[in-house]
Amino acid sequence: MKEYAMISEEARSTTEAFGKALTSLADEHKDVVALSADLAGSVKVTLMQKKYPERVFDVGIAEQNMVSMAAGLALGGLVPFAATFSVFLSLRDLDQLHTDICYQDLNVKMLGSHGGTSFSQAGSTHHALEDIAALRGMANLTIICPADYVETQLATKAAYEKYGPIYIRINRGTDYDVYNTESYGFEIGKSVLMNEGNDFTCIACGSMVHEALVAARSLKEKGVDLRVINMHTIKPIDKDAILKAMKETGGIVTAEDHNVIGGLGSAVSEVVAENGGAKKFKRLGVPDEFSIIGARKDILAHYEIDAAGIEKNVLALLNK
Amino acid sequence: MNFGKENYLSPDRDRLIISKGHAGVITAPILADLGIMDEALLPSYNHTGSPFGVHLDKRKVKGLEASTGSLGHGLSIGLGLAMAARLNQKDYTTYVLLGDGECDEGSIWEAAMSAAHFKMTNLITLVDRNNCMIDGRTEDVMALEPFADKWRAFGFEVMEIDGHLFPEIISALEKAKANKTDKPVCIILNTFKGEGVGFMRDNYKWHYGTLNEEQLAEAFADLEAYETARIARAEKEGK
């Protein structure tokens with residue numbers, strides 16, 4: 001494992017990481033404003049609201065207005081962060097996001113929480129399995145899916161520093177820490193090598209980075225060295241890391257809490273297909289269906305995107 | 001409006017959002033008349049590779065505040081711009097021109113609710129009430145009436161005027177700017193689609209169309225007569 005990576009028993013709230021990073025950005029920069037749609041508490045925008053009530057706008061249950069208003073605030077020279085659940089942010093106001101933000105290339109940051117199946121028991125209406133698929137075709141948009149608390153804070157701060165529309169996707173509840181330091185060199189568009197290995201590669205994002213690291217630890221005991229890559233930026237994707245994995249390892253498996261169509265796995269497969277193909281390749285995620293309801297760990301196990309599922313698939317692909 | 005060639009990039013300028021983005025064909029010549037958009041580009045309208053077509057792109061047309069086209073977005077964008085003015089302590093006014101048909105969109109009413117909630121008195125909404133939309137007359141396709149009452153119920157000060165008479169428009173805008181209430185203002189401009197051209201007037205089928213040579217000549221003749229009559233009437237009324 002790389003010196004900055006770890007497998008931790010400690011899990012922390014990434015929405016809190018976002019709320020704190022946002023508040024600290026607001027401390028430093030007067031142009032930071034935030035919006036939510038009756039979910040300010042859930043996405044922890046309230047942390048900023050307590051300190052700067054005049055710079056936070058809760059528009060009620062009106063995501064379309066939230067996103068277009070964010071566009072107007074950006075046209076007025078401010079840097080808005082619009083935050084609500086991923087499933088609503090990416091689908092309910094998709095047209096506004098397309099025309100008002102991406103087409104005009106405005107400096108609006110969007111934070112979608114409760115990504116993937118992380119709002120587990122709430123049911124499929126509150127699972128976001130299509131957000132990355134819906135947004136990946138938007139020109140000018142950057143898409144980031146941080147792996148843990150530390151990375152969510154770094155991604156939020158990096159989003160402020162980089163001009164243009166950015167979508168950050170995090171989860172509800174908590175995610176296991178995968179970094180023991182903030183100084184591992186987070187950079188938008190550049191993946192992070194978490195574990196070295198040449199037998200096979202797992203390219204993961206979000207919660208699946210921790211799962212892949214646990215799988216790698218277990219596989220090591222079975223004599224398999226799994227390379228684990230944290231592909232935190234899904235667009236633009238880090239082609240070099242994929243090409244290297246294709247060349248140096250026995251194959252690639254992708255792991256994401258998303259429909260296998262249109263997300264990380266699709267993004268990686270596009271690079272793989274255009275560059276001669278991988279020795280072995282498989283996308284792990286939710287097969288093209290609306291996800292089941294249940295405890296998150298059970299859902300991840302059901303779709304084989306937990307550590308055991310990743311391990312099982314890697315061994316099968318290696319014919320072991 | 002505090003907007004022109006000298007200050008169209010100034011952070012203090014007034015803003016106008018043309019939410020009915022299909023009005024690009026009349027927006028571009030006005031921007032050219034103001035000397036902001038290059039007049040020489042006008043003949044390239046809708047041509048392959050032209051910087052502008054039916055719906056204008058703010059990244060390609062100088063002086064345009066927002067790229068619009070998908071309807072129902074403009075009032076929210078204007079709300080954001082007006083809020084930015086408040087936060088940045090700027091005293092510019094944001095104007096939003098809506099079509100009446102686009103008021104079918106729920107997002108217009110999300111924005112209206114917010115504009116009243118946030119007491120956006122630096123935001124002036126204008127609605128082109130021409131009673132026409134692509135599939136027919138508004139009241140046949142999806143009834144909007146009682147339209148003014150809807151805006152009032154959403155917390156707006158409402159004025160209803162003849163949208164073809166400049167003195168009425170100017171006076172309504174002056175009143176809107178002098179508004180002392182904490183309500184945003186909505187000005188409903190009662191208009192006729194295709195005003196001034198006999199065969200187009202009040203005919204929803206001319207939402208979008210192409211003129212042949214004969215129609216073009218007729219339209220120009222009608223417009224000339226219309227302009228002459230208007231000037232004569234204004235002089236008679238001393239306006």
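Reader: Which residue in β5(A) stands opposite Thr84(A)?

Author: Thr84(A) stands opposite Gly112(A). Before we go on, this is a predicted model, in which local features need pLDDT of at least 70 and side-chain atom pairs count only at pLDDT 80 or more, while totals for chains, interfaces and linings use all residues. Residues are numbered from 1 along each chain as its sequence is written, with chains lettered from A and ligands numbered from 1 in the order in which they are written.

Reader: Which strand does β5(A) join through four bridges?

Author: That is β7 (residues 166-169) of chain A, again parallel. Within this pair, Leu111(A) stands opposite Ile168(A). Three bridges also join β6 (residues 142-144) of chain A to β7(A), in parallel, with Thr142(A) partnering Ile166(A).

Reader: Why is β5(A) called largely enclosed?

Author: A residue is buried if 20 or more other C-beta atoms, placed from the backbone, lie within 10 Å of its own; 12 or fewer make it exposed, and values in between partly exposed. Five of the five residues of β5 (109-113) of chain A are buried, so the strand is largely enclosed by the rest of the structure. Lys109(A), Leu111(A) and Ser113(A) cover one side, and Met110(A) and Gly112(A) the other. In a regular strand the side chains alternate between the two faces of the sheet.

Reader: What makes β3(A) and β12(A) edge strands?

Author: The open sheet runs β3-β2-β4-β5-β7-β6-β12 in chain A, with mixed pairing. Here β3 (56-58) and β12 (233-235) each pair on one side only, which puts them at the edges.

Reader: How do you know which residues of chain A touch chain B, and how many are there?

Author: Two residues are in contact if their C-beta atoms, placed from the backbone, lie within 7 Å. By that test, 23 residues of chain A are in contact with 24 residues of chain B. The largest share of the chain A side, nine residues, comes from α3(A).

Conventions. Helix = DSSP H or I, 4+ residues; strand = E, 2+ residues; numbered from the N terminus. Pairing = 2+ DSSP bridges.
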